[in-house]
Amino acid sequence: DWFFDSPTSAHTAVLDYFPRQEYMDLVDADTQTAIQRITSASHSIRLPPTGDPSLDSPDGHQGPLAHDVSSYHIVAEQTKYCFAERVVGRIRGFMVNLPSRCVAGPDFVEGLRTHEPMAMFILLYWGVLLHGCAADPWMWWAGTTGREVVEETAAILAGSHVCELEDVREGIAWAREQVGLVEALAEC
């Protein structure tokens, strides 16, 4: 009701605020390469077993690829779009609710709770987005939180088996550089 009673028509809202693929072209090449690592990693990283033979690996010891789980796929794509939205600048703080249950979904939120590596890899990028908001006076509360998220998440990932993947190592290095953490992680 609130949306339909607002002074903005649904047509205008759809045209002005829905994600557009062409906005990805506005993101600098270095960031595009970095965010492509989310997709690449999601095609390599398996989640914990679900007990569903159609999703889990044939031997049942590994779960589905992260890319094949809808909440992981959605939050990965939404994270990538948040970088484009940051460049376009239509909606301040667009990325704030990204890791929430309503956007990311229950599987992803559970992955964050249990420090599941793919969920943590996506959270690493969210930390970069949050760090980029800290200079905005409207988002004064962000402070150093983004940098802290990147630092702590990178440390968790460095101790994980996914650090064997080049995309994960490069993603960690990029994220740390984006928030001013220049020293390399010893574990990864």
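This is a predicted model: local features need pLDDT of at least 70, side-chain atom pairs count only at pLDDT 80 or more; totals for chains, interfaces and linings use all residues.
Residues are numbered from 1 along each chain as its sequence is written, and side-chain values use heavy atoms, with hydrogens and water left out.

The protein chain exposes about 10,300 Å², of which carbon and sulfur atoms supply 55%; accessible areas come from the Shrake-Rupley method with a 1.4 Å probe, and for residues only the protein chains shown count as cover. Of the 188 residues in the protein chain, 41% are buried, a word that here means under 20% relative accessible area, with exposed meaning over 50% and partly exposed in between (1.4 Å probe, protein chains only). Among the contacts in the chain with a separation of 6 or more, 62% are between residues 24 or more positions apart, contact meaning heavy atoms within 4.5 Å.

**Helix α9**

Next, select residues 166-178, which form helix α9. The expected span of a helix is 1.5 Å times one less than its number of residues, so the 13 residues of α9 should span 18 Å, and this agrees with its end C-alpha atoms, which are 18 Å apart. Which residues of α9 are buried? They are V168, G171, I172, W174, A175 and R176, and what covers them includes α3 (29-42), α4 (70-88), α7 (117-133) and α8 (145-158).

Stay in helix α9 and pick out R176, which counts as buried at 5% relative accessibility. Not counting residues up to four places away in sequence, R176 touches V150, E151, A154, L181, E183 and L185.

**Two salt bridges**

Side chains of opposite charge can pair when their charged atoms come close. A salt bridge is a side-chain nitrogen of Lys or Arg within 4 Å of a carboxyl oxygen of Asp or Glu, and by this rule the count comes to two.

For one of them, select E77 and K80, whose closest N and O atoms are 3.2 Å apart. These residues are three apart in helix α4 and are therefore separated by about one helical turn. E77 is partly exposed, with a relative accessible area of 34%, whereas K80 counts as buried at 11%.

For the other, select R113 and E110, whose side chains meet at 2.6 Å, N to O. Here the setting is helix α6 (residues 106-113), and R113 and E110, being three residues apart, are again separated by about one helical turn. R113 is exposed, with a relative accessible area of 59%, while E110 is partly exposed at 37%.

From α6, continue into the loop between α6 and α7 and select H115, which counts as partly exposed at 43% relative accessibility. Which residues does H115 contact, leaving aside its neighbours within four places in sequence? They are M120 and I156, and although H115 and I156 are 41 residues apart along the chain, their C-alpha atoms are separated by 7.7 Å.

**The cysteines**

Now show the cysteine sulfur atoms. The structure holds zero disulfides, a disulfide being a pair of cysteine sulfur atoms within 2.5 Å. C82 is in no disulfide, and the nearest cysteine sulfur, that of C133, is 9.2 Å away. C82 counts as buried at 3% relative accessibility, and C133 counts as buried at 12%.

**A nonpolar patch**

Finish on the surface by selecting V96, W140 and W141, which form a nonpolar patch with about 360 Å² of accessible area together. Patches are made of residues with over 30% relative accessible area and no salt bridge, like charges being joined within 9 Å and nonpolar side chains (Val, Leu, Ile, Met, Phe, Trp, Tyr) within 5 Å. V96 is found in the loop between α4 and α5 (101-104), and at 35% relative accessibility V96 counts as partly exposed.

Conventions: Helices (H or I, at least four residues) and strands (E, at least two) are DSSP runs, numbered from the N terminus.
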